[in-house]
Amino acid sequence: MTDREMLELAALAAGIKGRYFWNIDDAGIEMASGIVWNPLTDDGAALRLAVMLGLLVGIRGDEVWAQKYMGNHAGWLTIKEPSSLCRFSTTRRAIVRAAAAIGAAQRAQAQKEQSNAGSVD
């Protein structure tokens with residue numbers, strides 16, 4: 001998954017409205033306010049994302065993980081990111097990957113519901 005795809009799905013999970021924006025100096029989701037949201041590069045945005053989604057985040061040894069209990073049928077969503085030289089970057093990436101997985105699940109559920117609504121006679 002590309003960074004763009006991750007950011008778009010993470011924004012969906014967090015209810016952040018905007019469109020992907022890229023230029024030589026910046027990239028992320030540009031919100032109506034003109035602010036570019038990118039939790040892959042912004043510690044504060046990553047922390048707020050983790051809090052909004054109720055993620056558990058941990059760092060142990062050479063691994064960072066982010067997880068969320070998704071319900072009785074789905075169980076735990078766990079994303080593990082191997083630690084790099086920059087633990088801050090690794091932690092942000094684990095949070096965004098978990099948020100993107102939540103966004104992908106939300107998108108799949110919405111598509112399923114839409115499909116089911118269309119097939120009812």
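This is a predicted model: local features need pLDDT of at least 70, side-chain atom pairs count only at pLDDT 80 or more; totals for chains, interfaces and linings use all residues.
Start with the charges: the mean positions of the 13 positive and 13 negative charges of the chain lie 5 Å apart. Lys and Arg count as positive here and Asp and Glu as negative, while His and the chain ends are not counted.

Residues are numbered from 1 along each chain as its sequence is written, and side-chain values use heavy atoms, with hydrogens and water left out.

**Whole chain**

Show the chain as a cartoon. The chain has three helices and six strands, in the sequence order α-β-β-β-α-β-β-β-α. Helices (H or I, at least four residues) and strands (E, at least two) are DSSP runs, numbered from the N terminus. Along the principal axes, the C-alpha atoms fill a box of roughly 55 × 35 × 25 Å.

Switch to a surface. The chain exposes about 7,700 Å², and carbon and sulfur atoms supply 53% of that area. The areas come from the Shrake-Rupley method with a 1.4 Å probe; for residues, only the protein chains shown count as cover. Of the 121 residues, 36% count as buried. Buried means under 20% relative accessible area, exposed over 50%, and partly exposed in between (1.4 Å probe, protein chains only).

Among contacts between residues at least 6 apart in sequence, 43% join residues at least 24 apart.

**Salt bridges**

Side chains of opposite charge can pair when their charged atoms come close. The structure holds five salt bridges, each defined as a side-chain nitrogen of Lys or Arg within 4 Å of a carboxyl oxygen of Asp or Glu. Three of them follow.

Select D3 and R93. Their closest N and O atoms are 3.1 Å apart, and the two form a salt bridge. D3 belongs to helix 1 (residues 3–14) and R93 to helix 3 (residues 87–118), so the pair ties together parts that are 90 residues apart in sequence. Both residues are partly exposed, D3 with a relative accessible area of 36% and R93 with 25%.

Stay on helix 1 and select R4 and E8. This salt bridge has its closest N and O atoms 3.0 Å apart. R4 and E8 both lie in helix 1, four residues apart, or about one turn of the helix. An α-helix has 3.6 residues a turn, so residues three or four places apart point the same way. R4 is partly exposed at 43% relative accessibility, and E8 is partly exposed at 31%.

Next, select R19 and E30. Their salt bridge has closest N and O atoms 3.0 Å apart. The pair links distant parts of the chain, with R19 in strand 1 (residues 19–22) and E30 in strand 2 (residues 27–30), 11 residues apart. R19 counts as exposed at 51% relative accessibility, whereas E30 is partly exposed at 21%.

Keep R19 selected and display its contacts. Leaving aside neighbours within four places in sequence, R19 touches G28, I29 and E30.

Move to I35, in the loop between strand 2 and strand 3 (36–37). With neighbours within four places in sequence left aside, I35 is in contact with I29 and E30. A C-alpha to C-alpha distance from I35 to G18 gives 9.7 Å; these two are 17 residues apart in sequence.

**Helix 2**

Color helix 2 (residues 43–53) by burial. Which residues of helix 2 are buried? They are A45, A46, L49, A50 and L53. These residues cover an arc of only 135° around the axis, which puts them on the same side of helix 2. The arc is that of the directions from the helix axis to the C-beta atoms.

**Strand 5**

Finish at E63, which lies in strand 5 (residues 63–69). E63 is partly exposed, with a relative accessible area of 29%. Beyond neighbours within four places in sequence, E63 is in contact with G58, K80, E81 and S83. For E63 and E81, 18 residues apart along the chain, the C-alpha atoms are separated by 5.9 Å.

How values were computed
Contact means heavy atoms within 4.5 Å. The place of a charge is taken as NZ of Lys, CZ of Arg, CG of Asp or CD of Glu.
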